[in-house]
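This report describes one protein chain for a reader who is new to structural work. Please look through the sequence and the model before reading on.

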Amino acid sequence: MPDASPSVLVIDDDPEFRDSVERLLRSVGLKTRHFPSVSDFLKAELSDGPTCLVLDVRLPGPSGLELQRELVAANRQLPIIFITAHGDIPMTVQAMKGGAIEFLTKPFRDQDLLEAIEIGLARDRAHREGDKALEGLRVRFETLSSREREIMIQVTAGRANKQIAGDMGITVSTVKVHRANLMRKMKARSLPELSRMADMLKLLPER
């Protein structure tokens, strides 16, 4: 798949720092792109592969923390590793509350950065795989008839075939046929698996 390899995005206004991080990441086989400001980053088209953001807190124009808030508001779950030469506790708390992976104060060990990046890429990979699985479930759910969808909701809510038949005014054998069809279409091998699918699709009220 094009652009599917992992990449690390670096936003820092210090060109020497950006170059040193690029050399470090290249030495371990990671692709990197760097930007001097948040506005330059926002203009860029990002790759489709797992991504992690190494972000300076203090930048010309919008700050790193402002970018983090903007990404959270837009529901863009991009793993962030903050770096700064002038950190303080309130700043660190704000970054971590916003979901940052790590908050590193310059100068830091190369290994600390590499370990944080590894965690960030793994988190983004898992998030992307979860999104892909959810999209597959939605596609399969769309193939169900309206009656099959209704039966799926009732079955996963714990209703027995006889209760469903009474509610819908159909025979138990008809419920069983629809139930078998929807299990096949959803590729569910058991009722617990079908229930997990219903939870992912948010078909049932919060338990």
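Helix H6 is followed by Gly-158, whose phi is positive, near 95°. Helices (H or I, at least four residues) and strands (E, at least two) are DSSP runs numbered from the N terminus. The model is a predicted one, in which local features need pLDDT of at least 70, side-chain atom pairs count only at pLDDT 80 or more, and totals for chains, interfaces and linings use all residues. Residues are numbered from 1 along each chain as its sequence is written, and side-chain values use heavy atoms, with hydrogens and water left out.

**Helix H6 and Thr-156**

Thr-156 lies in H6, which covers residues 146-156. With a relative accessible area of 5%, Thr-156 is buried; buried means under 20% relative accessible area, exposed over 50%, and partly exposed in between (1.4 Å probe, protein chains only). The side chain of Thr-156 reaches the backbone oxygen of Met-152 at 2.8 Å.

Buried residues of H6 include Glu-148, Ile-151 and Met-152. Against which helices do the buried residues of H6 pack? Their partners are helix H5 (110-142), helix H7 (161-168), helix H8 (172-186) and helix H9 (191-200). Contact here means heavy atoms within 4.5 Å.

**Helix H9 and its ends**

The buried residues of H9 are Glu-193, Leu-194, Ser-195, Met-197 and Ala-198, and they pack against H5, H6 and H8. At the start of H9, a side-chain oxygen of Ser-190 comes to within 3.3 Å of the backbone nitrogen of Glu-193. In the segment after H9 one finds Lys-202.

**Backbone features**

Most residues other than glycine have a negative phi, and most peptide bonds are trans. Asn-75 belongs to the loop between helix H3 (64-73) and strand E4 (80-84).

A cis peptide bond, with omega about -5°, joins Lys-106 and Pro-107. Pro-107 is found in the loop between strand E5 (102-105) and H5.

Is Ser-7 buried or exposed? Its relative accessibility is 6%, so Ser-7 counts as buried. Ser-7 is part of strand E1, residues 7-11. The side chain of Ser-7 makes a polar contact with the side chain of Ser-47, at 3.4 Å. Leaving out residues up to four places away in sequence, Ser-7 touches Lys-31, Ser-47, Pro-50, Thr-51, Cys-52 and Leu-121.

Leu-114 is placed in helix H5 and, at 17% relative accessibility, counts as buried. Apart from neighbours within four places in sequence, Leu-114 is in contact with Leu-24, Leu-25 and Val-28. Leu-114 and Thr-174 are 60 residues apart in sequence and 58 Å apart in space, C-alpha to C-alpha.

**The chain as a whole**

The protein chain has 9 helices and 5 strands. From the N terminus on, its elements run β-α-β-α-β-α-β-α-β-α-α-α-α-α. The radius of gyration of the chain is 24 Å, well over the 17 Å that the globule rule gives for 207 residues, so the chain is more spread out than a compact globule. This radius is taken over C-alpha atoms, and the globule rule is 2.2 Å times the number of residues to the power 0.38. Along the principal axes, the C-alpha atoms fill a box of roughly 75 × 35 × 30 Å.

Of the 207 residues, 40% are buried. Among contacts between residues at least 6 apart in sequence, 62% join residues at least 24 apart. The chain exposes about 11,800 Å², of which carbon and sulfur atoms supply 53%; accessible areas come from the Shrake-Rupley method with a 1.4 Å probe, and for residues only the protein chains shown count as cover.

How values were computed
Polar contact = N/O pair within 3.5 Å; in protein donor to acceptor, adjacent residues only side chain to side chain.
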